[in-house]
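Please read it alongside the structure.

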Amino acid sequence: MIDKIQRQWCIWPQGHVLADKPTGRISRWDKVVGLVPQSQCLFKIFYYNVELIPQKDLEQCVENEVAQLISWNNPRSFFLVNKVDENWQVIAWVWNDDVVQFELPVTHKIPALAFYLGKTRAPQGVLFYSEPVSETMEQSWAITWKKASVVEHLYPMNSPIHARVIKQLLDEEQNKLVLYANTDHTSLLDGYEVKPFHRQVKSKLMTKAKCSSQLEFDNPWIYWRTMVWILCLFALYLVADATLLNYEQSQLNQLVSQQQQSTLSIQNQRSRYEDNKRFVEQTMRAKNKQRFIAELLEELTTKLAKDVMITKFTYDQKTVLLEGTVLNSTGVLESLSNITFIKQARLLGEVVPTGDGRQKFRAEVELKELK
């Protein structure tokens, strides 16, 4: 899936026999690998004591070594580092970058021999590498390694002595060595099993060959520092966001508490207001009731006939029960009905004569509604 998103193109320098434009459209996300011919590289293996030279200073040491061997104005190097016992092994390729120019912008620059070496996966083996130097001539090398990445020797195969050494090595170590080759047009490989290359170059080599800011989807671990920074910033953001949320939650809880207290205070005030209102209303009703009774008694005193004598006055919410004596009971109801606060009046029972010529009566009076 990643190969379809980010394809890899390999191109050779201008003027090389294999220098052709890629057959296809190169997108902005694709990797363009510039292969530096081995014939244009200076190959060296350096050893440095681990205790004397720290790994971070190896590049400077290699540059100093190379400066004594060449006089190029713009040298460019590619090297691999292995720890062999108590020494650093530095496998270096150096070429003149003014001479090795590519027609297209490249995202990686790597010696062609190192490119194919990165496609091997055997712990111990031999890589037979061949490249054309002209239309009619090829040049070949054989490189041996052990422990997956520790290079032992590079043999130029134009020497018959080196060719016999490789053939003897393959015969003696056939069960241990794995043979790789980028060509099958050589009689030296006849009779030996050639293992195919791995589809991908080791990410370690591609990382060292990187010469642009092109993203590599198939090797995200080269950005581990950036990812660590992003994770740290994201964690810091989460902490800050959680702190802010806790602060806002605290402020919100405090505001809710204040509102609850304010609401409770308003409810208490409203309750006190309702109590005071009921008390005032009850007081007003009591006053109105007292005034009403007083006015009713005053009207009973002034508007009843002078011969009416009230002996008992019983007050209820809506009615008044009157008992008394009168000389003539005929006009009692009429005089009671003329009183302002009385809605209607009626006699209860019969009028009973008394011994002094008067008549005893009982009347029930229905009062008008008190406003």
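S4 and strand S5 (residues 87–96) pair in the antiparallel sense over 10 bridges. Helices (H or I, at least four residues) and strands (E, at least two) are DSSP runs, numbered from the N terminus. Two strands pair if DSSP finds at least two bridges between them. This is a predicted model: local features need pLDDT of at least 70, side-chain atom pairs count only at pLDDT 80 or more, and totals for chains, interfaces and linings use all residues. Residues are numbered from 1 along each chain as its sequence is written, and side-chain values use heavy atoms, with hydrogens and water left out.

Ser 77 faces Val 94 of S5. S4 and S5 belong to an open sheet of 3 strands, ordered S3-S5-S4 with antiparallel pairing. Its edge strands are S3 (42–49) and S4 (75–84), and each pairs on one side only. Neighbouring strands of this sheet are turned by 20° against each other on average, direction ignored. Axes here are lines fitted to C-alpha atoms, for helices over the stretch in contact, and angles run from 0 to 180 degrees between N-to-C directions.

**The helix across it**

Helix H2 (residues 58–67) lies across S3, S4 and S5. H2 runs at about 130° to S3. Which residues of H2 are buried? They are Leu 58, Cys 61, Val 62 and Val 66. They sit on the same side of H2 because they cover an arc of only 130° around the axis. The arc is that of the directions from the helix axis to the C-beta atoms. Buried means under 20% relative accessible area, exposed over 50%, and partly exposed in between (1.4 Å probe, protein chains only). The buried residues of H2 pack against S3, S4 and S5. Contact means heavy atoms within 4.5 Å.

**The parallel sheet**

Another open sheet has 3 strands in the order S1-S2-S6, with parallel pairing. S1 and S6 are the edge strands, each pairing on one side only. The twist averages 30° from one strand to the next. S1 and S2 run parallel and are joined by 4 bridges. Cys 10 stands opposite Val 33 in S2.

| S1 | 8–11 |
| S2 | 31–36 |
| S6 | 108–111 |

**A residue in H6**

Gln 261 lies in helix H6 (residues 224–303). Is Gln 261 buried or exposed? Gln 261 is exposed, with a relative accessible area of 54%. Gln 261 and Thr 120 are 141 residues apart in sequence and 77 Å apart in space, C-alpha to C-alpha.
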